Amino acid sequence: MAAANPSVFLLMVNGQVESAQFPEYDDLYCKYCFVYGQDWAPTAGLEEGISQITSKSQDVRQLLVWNFPIDVTFKSTNPYGWPQIVLSVYGLDMFGNDVVRGYGAVHVPFSPGRHKRTIPMFVPESTSKLQKFTSWFMGRRPEYTDPKVVAQGEGREVTRVRSQGFVTLLFNVVTKDMRKLGYDTGPADTQGILGPSLPQGIPR
Amino acid sequence: MEKEILFIPSRLTVPTYKKLPENVQPRFLEDEGLYIGARPEVARANQNIMENRLLTQEPGRRWFGDDGRILALPSPIKQFPSRPSVLTQDQSIKAELETVYKKAVKYVHVSKHMTGSVDPPGNFQLDIDISGLIFTHHPCFSREHVLAAKLAQLYDQYLARQQRNKAKFLTDKLQALRNAVQTGLNPEKPHPSLDTTQKTINEYKSEIWQTRKLRDMEQEKDRALLKTIIKVWKEMKSLREFQRFSNTPLKLVLRKEKVDQKADEGAHEAEIQAEISELLEEHTEEYKQKMEEYRTSYQQWKAWKKAQRAKKKKKKQASEEYPEDEIEAASPEEDPVKPTPPEPVDRAVIEQQVRKRAAQSRRRPGEPTLLPELSLAGSVTPNDQCPRAEVSRREDVKRRSVYLKVLFNNKEVSRTVSRQLGADFRVHFGQIFNLQIFNWPESLTLQVYETVGHSGTTLLAEVFLPIPETTIVTGRAPIEEVEFSSNQHVTLDHEGVGSGVPFSFEADGSNQLILMTSGKVSHRVAWAIGENGIPLIPPLSQQNIGFRSALKRADAISSIGTSGLTDMKKLAKWAAESKLDPNDPNNAPLMQLISVATSGESYVPDFFRLEQLQQEFNFVPDEELNRSKRFRLLRLRSQEVPEFRNYKQIPVYDREIMEKVFQDYEKRLQDRNVIETKDHIDTHRAVVAKYLQQVRESVINRFLIAKHHFLLADLVVEEEVPNISKLQQPSRSSRTFSEKRAASPSTHSPTHSADYPLGQVLVRPFVEVSFQRTICHTTTAEGPNPSWNEELELPFRAPNGDYSTASLQSVKDDIFINIFDEVLYDVLEDDRERGSGIHTRIERYWLGCVKIPFSTIYFQARIDGTFKIDIPPVLLGYSKERNMIMERGFDSARSLSEGSYITLFITIEPQLVPGESVREKFDSQEDEKLLQATEKFQAECALKFPNRQCLTTVIDISGKTVFITRYLKPLNPPQELLNVYPNNPQATAELVARYVSLIPFLPDTVSFAGVCDLWSTSDQFLDLLAGDEEEHAVLLCNYFLSLGKKAWLVMGNAIPEGPTAYVLTQEQSHYLIWNPCSGHFYAQFDTFCPLKSVGCLIGPDNIWFNIQEYDSPLRINFDVTKPKLWKSFFSRRLPYPGLCSVQ
């Protein structure tokens, strides 16, 4: 590939699924996968992964820490369909059944640098009280047919969800040749190394 | 101590000087004319506390503005609350919960001539009261009606004149004027100045003259009108006599009012005398004037004459030589004619004139006053006494009805009820329409429609109603009549005179008249009055304010129409009058508009721009978008064009996109209308293939659209509420960890094969499986009943690497399983070498093949069974071994199906999720009850046996849902087939089956995979000459029915077709299962019957669902009369309604 005249740009993402807050649940594990458009292709790394089961920390924060690494590189010709990471968290309920505890998705940050993202998670709701009871009783909570549903907007209007918990992700993003192809995502000087950007909303 | 720590700001007002820099006077911007928004309201005390705090803690003073107050943004609070106020404690809940009916209020959106966004949205109401309609002419008018209408019109005119009574008024005026003149001339009265009196009197006199002229005219008109009325009435009477019936109840009564002969005569005479004297006076005056004129001119003439004479004398003295000079000299000069003295006024002549005129225009003295009175007291001749033509006219009138449409701003808002036309051509509506309006009314139109019988309606005429003044409110508006007329031409074949066509009252057809349909609508339009007595009228200024929100650019003027611009001057005036704050941002667009309008430079394009800002937001110009290959590719992909739907990684640069990418697509577009005959045997098939291709495309498009409609079940996996009787073992279906992507290798494993009844002892068969250009073969086995027990793996690649359901469904690849015989030939020619080496040639003899479409495996998930091998009719060098069959102990059932079979097991690894069938509901012409019953039936069946096929409705070729039994009806097979074996019904049946099987098979399940199956009727099937199992089965079943057999359609699973349709017939003692596509038939207990399970049976009048424990035809009872074994669709509860056939 001639460096002067690239025909694709690269997006390298590494980071980790750091931790989660699910005050009601314990002993959870998470899965992640990437959803991306047709013009995207993974070139290296794993685009899906499944973490260990982790228990709540004993302190007041009650954090569920996975620190589960993500490392994947995509190439693409079109920013349309920019990769999204889809997270789904599972755990055992009181009868020992494996049930889903939350779904969430977020776009991989556009600009190079270090980004921290906190995703609110949600689960689909049962359609009726009776079904809610039976699903609880039998340990068969409603689930999405495909976790990737949460990364698309189509068809969401038929579902009802309840939000529960947060998952915190850390991304380190490096792009290559974006600018040469005419896509400007980063701040004015891409030379400058961005310091750790703070999550929004928290004052200095 | 506490006080040291705590700081409590004072509540006292801070003097202004403290808040401002030293020696600065507070400056009030508002006074200087700058716009300052309203400040949010803060309590005075709080403000003081804040000011004190700021002064103490932040001495920088930057918190204060020039006016010494805390800087503040304009109050962001809306003027009116957008949410109902919260319940207060005092009010009782009951009062709060009291429901009040409110009319639905439309959301006010920005539009032309609308309530300004600033004003609270109001609703305005226009009340239109349409009381009735009267035709003054109608095609159904008889001649009498025409006269009656004329009479009525004249009478109306008469009444109107009578009411105004202009003649009387003018007479009175005349009298008054005469009196004034009399008094003016009275010399006893003192006069301020003679001059003025004379002048006034002269004025009076001229006025008298004019008034008299007017009065005479009016009186003449009155008289003429009365005469015409009487004339028309006479005509009408004679007409009634002539036709010997009457149509109209009109009756004119002339009332004579007796007058006192003497008094009347006196008055008449006095009037005439007065007139005469006046005229005389006038004439005398005139005469005097003329006399004066005459005198002066005569003087002039005399003087001239004298001068002439003097000249002559001179000339005569000068020379006698010019005797004729007198004459000659006179002629060139202007020769004043000698004026003739005016004739003196002759009283007798004047009197004669006056009397003559009076006789003409005035009632003769002593003659009684005639007062015409029109009444409806007359009787209409009843129908039975009328001639035919008249009766038919009356019938025709009865068939006609009229209604009105109310159009507001050219939009139909309401219409009256349709009322029958009365015999008197009056229609009474008496309806009041309350129009809730938002837009300023521009036009208000009534459309008169007429309906004749049951035929269509015709628009007779449009009536434009004036928009009422704002002062006219309901209750105060008078009823007004608006006339309308139509230009339609109607000729009728009865007594009706028609309209727009000439007709005549005379017998000889002379004196022709042409009348147009016309009439009057009586109506009342007024503004409504609201509950609180405020009229619901849009404010006048609203017409102007309305633009505000729309006017963001000068160009936007065009978007609201130029009609707004005409008022621009007014708008500016209004803005000036209402003292709008020019700096208020709310008014900015308006101000800009006014400045543009008043400067006279407004750019008003003569076009209307729909999306005015679209161009600015366009990504690239359209030309570039069309030129660029990349953009084209992207667009085609997003349109889900099949060739590009799964195109990955569209290159960044145009140059990297090959032209040939589009070639297939463009070719397909071109070929759409070109019929390719190369690939097909004849043109008919090509046409059919093309047709089916188009049907397929349209169905697929519908499917693609339907795919974007999601149900909850598509997104969320949720357990059904379990039955108490049967708790299912939970099965995890959703946690697929993207197996699809890893699923490239696929396994097809023919494990063991059996049964080679091919008689060659030394047959050494092997199996070769080919799929997607990959070929695998087994080892060679020995003997006619080989067993391989081998696993073959063939990779599967989805098209374009797309493993989505839609893409997998469109895989059209077949798995070919070929069976070969391996024959070794010894090619050694020299026996001597036999000891040292083996030299053989291997030949493969093709024995037969089995073809299994991939879609079958995909939908079945696995295939396990024994398949009949297609073998050529003649295999040279091979023969079948009869005794083998007997040895193996298969009984007679076996003998029915001779052939070779292969047993195999095929599956895909990892499992691919088969797509579920589309649930799109196609529209139907079936009874709604029947459709509900089918849904119920299917749901019940699916609950008991989810795997058994239950079919009640199918989709016909036009995409409509049709009840399945409609397809079955006895149809006569071709006579030639019946003539072959007239005495052998079994042979005939076989022949018919063969005939049906010869119709080409065109699978639609592959292309419509998972979408739906289209059922064409037998007629369409024979016409298209192509179809799949259902069509074959339906045709065969119909033929069997006509042969007198008991025949059913069997819906079930067969190998290798998957879900399919077979035909079941009942013979004397046993049942036969027919494969309609091959023409083969099997006994019920035939082990090698390809039909593996039976879901339901379909007869011409019922559907039976298999509720037996087993579904294999070997193990079930086909006696449909047993309700424990077969659940019938139509039963005693739902009897068969006698559906007609679609065949």
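This is a predicted model: local features need pLDDT of at least 70, side-chain atom pairs count only at pLDDT 80 or more; totals for chains, interfaces and linings use all residues.

Student: What area is buried between chain A and chain B?

Tutor: About 3400 Å², and carbon and sulfur atoms give 49% of that. In chain A, the residues losing the most area to chain B are Q38(A), R140(A) and T145(A), which together make 22% of what that side buries.

Student: Why quote an area for an interface at all?

Tutor: Because interface size is often given as the accessible area lost when the parts come together.

Student: OK, now charges. How many salt bridges are there between chain A and chain B?

Tutor: The count between those two chains is one. D39(A) and R637(B) meet through their side chains, at 2.7 Å from N to O.

Student: Where do R637(B) and D39(A) sit?

Tutor: R637(B) is in helix α18 of chain B, residues 629-638, while D39(A) is in the loop between β2 and β3 of chain A.

Student: And are R637(B) and D39(A) buried or exposed?

Tutor: Both R637(B) and D39(A) are buried.

Student: How many residue pairs are in polar contact across the interface of chain A and chain B?

Tutor: The rule finds eleven, counting pairs with both residues at pLDDT 80 or more.

Student: Why does K132(A) count as partly exposed?

Tutor: Because its relative accessibility is 37%, and partly exposed covers the range between under 20% for buried and over 50% for exposed.

Student: Which residue does E822(B) form a salt bridge with?

Tutor: R764(B), with the closest N and O atoms 3.2 Å apart. That pair links distant parts of the chain, 58 residues apart: E822(B) is in strand β19 (residues 814-826), and R764(B) is in the loop between β15 (745-749) and β16 (765-771). E822(B) counts as buried because its relative accessibility is 17%. There's also a network in which salt bridges with shared partners join D396(B), R399(B), R400(B) and E450(B).

Student: What about chain B overall, how many helices and strands does it have?

Tutor: Chain B has 30 helices and 32 strands. It runs to 1143 residues, and buried ones make up 40% of them. Taking contacts in chain B between residues at least 6 apart in sequence, 70% join residues at least 24 apart.

Student: Last one, back on chain A. Which residues make the nonpolar surface patch of about 570 Å²?

Tutor: M94(A), F95(A), F133(A), W136(A) and F137(A). M94(A) lies in the loop between β6 (84-92) and β7 (98-107) of chain A.

Student: Why is M94(A) called exposed?

Tutor: Because its relative accessible area is 66%, and exposed means over 50%.

Technical notes:
Residues are numbered from 1 along each chain as its sequence is written. Chains are lettered from A and ligands numbered from 1 in the order in which they are written. Side-chain values use heavy atoms; hydrogens and water are left out. Patches are made of residues with over 30% relative accessible area and no salt bridge: like charges are joined within 9 Å, nonpolar side chains (Val, Leu, Ile, Met, Phe, Trp, Tyr) within 5 Å. Accessible areas come from the Shrake-Rupley method with a 1.4 Å probe; for residues, only the protein chains shown count as cover. A salt bridge is a side-chain nitrogen of Lys or Arg within 4 Å of a carboxyl oxygen of Asp or Glu. Helices (H or I, at least four residues) and strands (E, at least two) are DSSP runs, numbered from the N terminus. Buried means under 20% relative accessible area, exposed over 50%, partly exposed in between (1.4 Å probe, protein chains only). Buried area is the accessible area (1.4 Å probe) that two parts lose on being put together, summed over both. A polar contact is a pair of N or O atoms within 3.5 Å; within protein, one must be able to donate a hydrogen and the other to accept it, and residues adjacent in sequence count only if both atoms are side-chain atoms. Contact means heavy atoms within 4.5 Å.
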